[in-house]
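I opened my notebook to jot down what I looked up in this structure. Have a look alongside me as I go.

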Amino acid sequence: MSAADPKPTTVRDEWRGRTPRRGRNDRRAHAHASWWAFAVHRVSGIALAVFLPLHFLALSSALRGDAALDGFLRFTDRPLFKIAEWLLVVLLAVHLAGGVRLLLIEFRPWSGLRKDLIAVSGGAGLAVGLVFALALLK
């Protein structure tokens with residue numbers, strides 16, 4: 001074994017003349033519920049941050065007068081915008097529920113990843129999305 005090679009981590013690796021694999025555990029973490037909760041919380045936060053300037057743009061049309069606002073509202077009265085509105089509400093609900101989950105983990109006396117809180121926050125977000133979808137259909 002040369003000086004540039006990393007040292008084997010176990011006796012078996014040393015006996016077989018192997019060097020340890022790097023990054024072997026990286027993919028296993030992606031299967032855990034807490035990693036998915038982190039990913040959904042991060043993506044929903046980024047999506048909400050992207051939406052905010054678009055929302056300000058829509059509100060600025062009201063400053064140009066009633067006709068501009070009515071034109072914008074007619075433009076957004078399409079199925080694609082309704083789907084995007086539903087997705088936005090789902091993202092907001094999931095982000096809120098995930099944030100509450102994180103606050104409970106931080107400030108409550110229990111420890112651990114609390115998979116039950118992940119399930120409750122995901123279910124709450126989907127329930128709000130279902131209620132909003134039903135309201136859009138009326």
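**Helix H2 and its surroundings**

I began with helix H2, residues 33-63, which has 31 residues and reaches 45 Å from its first C-alpha to its last, close to the 45 Å expected at 1.5 Å a residue. I kept in mind throughout that this is a predicted model.

Next I asked myself which residues of H2 are buried. I found Ser34, Ala37, Ala39, Ser44, Leu48, Ala58 and Ser61 on that list. What covers the buried residues of H2? I noted that the cover includes helix H3 (66-75), H4 and helix H5 (115-137).

I then followed the chain past the end of the helix. Gly65 comes after H2, and I read its phi as positive, near 120 degrees.

**A nonpolar patch**

I turned to the surface and looked for nonpolar side chains there. Ile46, Val50, Leu54 and Leu57 make a nonpolar surface patch of about 400 Å². Is Leu54 buried or exposed? Leu54 counts as exposed because its relative accessibility is 52%, and the cut-off for exposed is over 50%.

An α-helix has 3.6 residues a turn, so residues three or four places apart point the same way.

**Salt bridges**

How many salt bridges does the structure hold? I counted 2 salt bridges.

For one of them, I went to the side chains of Asp77 and Lys82, which meet at 3.7 Å, N to O. I looked up how open each partner is. Asp77 counts as exposed, at 55% relative accessibility, whereas Lys82 is partly exposed, with a relative accessible area of 33%.

Lys82 also forms a salt bridge with Glu85, and I noted 4.0 Å between the closest N and O atoms. Where do Lys82 and Glu85 lie? I found both in helix H4 (residues 79-107), 3 residues apart, about one turn of the helix. Glu85 counts as partly exposed, at 35% relative accessibility.

Notes
Residues are numbered from 1 along each chain as its sequence is written. This is a predicted model: local features need pLDDT of at least 70, side-chain atom pairs count only at pLDDT 80 or more; totals for chains, interfaces and linings use all residues. Side-chain values use heavy atoms; hydrogens and water are left out. Buried means under 20% relative accessible area, exposed over 50%, partly exposed in between (1.4 Å probe, protein chains only). Helices (H or I, at least four residues) and strands (E, at least two) are DSSP runs, numbered from the N terminus. The expected span of a helix is 1.5 Å times one less than its number of residues. Contact means heavy atoms within 4.5 Å. Patches are made of residues with over 30% relative accessible area and no salt bridge: like charges are joined within 9 Å, nonpolar side chains (Val, Leu, Ile, Met, Phe, Trp, Tyr) within 5 Å. Accessible areas come from the Shrake-Rupley method with a 1.4 Å probe; for residues, only the protein chains shown count as cover.
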